[in-house]
Amino acid sequence: MGKKGLNRRSFLKKAGVVAAATTLPLKMVEVVYGNEPEEKFTFAVISDAHLTHIQGTKFVRNFDEGLKRAVTEVSFMDPPPDFVVFGGDLAQLGKKEELEHGMEILSQLEFPIKFVIGEHDFYLDLGEYWVKNISPLYYSFDHKGVHFVVLNSILTYEQWIKKFKDPMERMLNMARLDNPHGSPFIVGEEQRAWLKKDLAKYKPDTPVIVLSHSPLYKIFKPWNFWTDDAEEVQALLGRFKKVTVMHGHVHQIIYNQIGNISFYAFMSTAWPWPYPPTYKQAENNFPKMTVMMNRADPFHERDGTGWSYVDVLRGRVTHHYELWENRARTVYYDEKLGHPVDKEYQDPSKRIPPQIHY
Ligand SMILES: [Fe+2]
Ligand SMILES: [Fe+2]
């Protein structure tokens with residue numbers, strides 16, 4: 001890690017002293033500040049590792065190194081995260097070897113891990129290994145006043161699944177980016193019914209954070225940056241005042257606001273996807289973006305890759321993107337504007353190209 005990273009870490013250390021909050025019992029914090037509970041906490045995010053098995057004990061080294069680096073950096077976080085979210089696509093082709101290898105690397109983390117499944121983990125055995133050895137496909141939990149929901153958003157239609165007799169053929173047809181033979185993702189009826197029931201227990205002022213792999217909105221269909229029943233899921237979240245959806249899959253920094261929901265994407269530890277080739281909204285149903293993002297350099301193996309940590313204060317999210325070959329970025333929810341805002345990159349005409357050039 002470079003000098004800048006170390007400086008930032010030592011800053012975090014100092015900040016940690018001020019808000020010794022995190023280590024004090026919540027009630028003491030209330031006494032100290034005399035108003036509403038701080039409810040401040042941090043979790044880390046690692047996503048889209050795409051570990052790729054070659055043969056025997058051999059794996060594609062570059063992707064292994066990405067995941068290992070993220071695990072090491074998260075381990076050094078100070079103050080430490082309350083938990084780590086893994087955003088899906090641990091494996092490249094859903095192989096047992098890849099998932100086992102990934103779990104071995106992630107086992108170095110001394111924090112609880114909340115797992116989200118990606119399509120690369122799912123379409124070989126339809127989630128069998130994942131459910132048996134890693135995590136349920138969808139679930140919810142409460143943490144310091146925030147209700148978290150994990151969804152399996154990479155399901156698809158039965159008729160598409162039935163087309164394939166060979167599991168690897170099915171996997172390969174879902175794994176590509178620009179694949180005319182893939183199928184749009186769905187959350188599906190069963191999970192939406194579960195979600196409705198799960199949310200019914202909570203009042204509208206409970207902050208809700210939803211974790212999914214594919215975006216729960218429609219970004220770009222040709223690349224399956226897309227969830228077909230996204231609007232129906234959004235509607236179930238409609239009565240809550242503070243809703244954040246965080247997702248993997250797109251391997252790039254994208255954030256957005258649709259109605260009451262703020263969306264933030266995770267980066268990948270393996271490679272960045274470029275932004276879709278067009279921002280023409282009418283043709284691709286691309287929603288209005290709040291701010292244009294920096295574009296990753298697809299010819300730079302580490303541009304746009306990294307991990308992130310998320311500060312949650314009173315149910316609102318501040319997303320710190322730790323990019324390995326770019327400047328760190330911080331995107332926070334602006335209460336006045338009512339949508340996520342990048343702390344630095346606001347004026348496209350003044351934007352500094354973020355890539356390092358040789
Ligand atoms: Fe991915
Ligand atoms: Fe994915």
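Visitor: D89 and H251: buried or exposed?
Guide: Both are buried (under 20% relative accessible area; exposed is over 50%, partly exposed in between, with a 1.4 Å probe and protein chains only). This is a predicted model, where local features need pLDDT of at least 70, side-chain atom pairs count only at 80 or more, and totals for chains, interfaces and linings use all residues. Residues are numbered from 1 along each chain as written, chains lettered from A and ligands numbered from 1 in written order, and side-chain values use heavy atoms, without hydrogens or water.

Visitor: What coordinates the iron ion, ligand 1?
Guide: D48 and D89 through OD, H50 and H251 through NE2, at 2.0 to 2.3 Å. Donors are N, O and S atoms within 2.8 Å of the metal (3.2 Å for Na, K and Ca); water is not among the atoms, so sites may look incomplete.

Visitor: How are those donor residues spaced in sequence?
Guide: For ligand 1 the pattern reads D-x1-H-x38-D-x161-H.

Visitor: Which residue coordinates both iron ions?
Guide: D89 does. Ligand 1 and ligand 2 sit 3.4 Å apart.

Visitor: Where do D89 and H251 lie?
Guide: D89 is in the loop between β4 (83-86) and α4 (96-106). H251 is in the loop between β9 (243-247) and β10 (255-258). So the pair ties together parts 162 residues apart in sequence. Helices (H or I, at least four residues) and strands (E, at least two) are DSSP runs, numbered from the N terminus.
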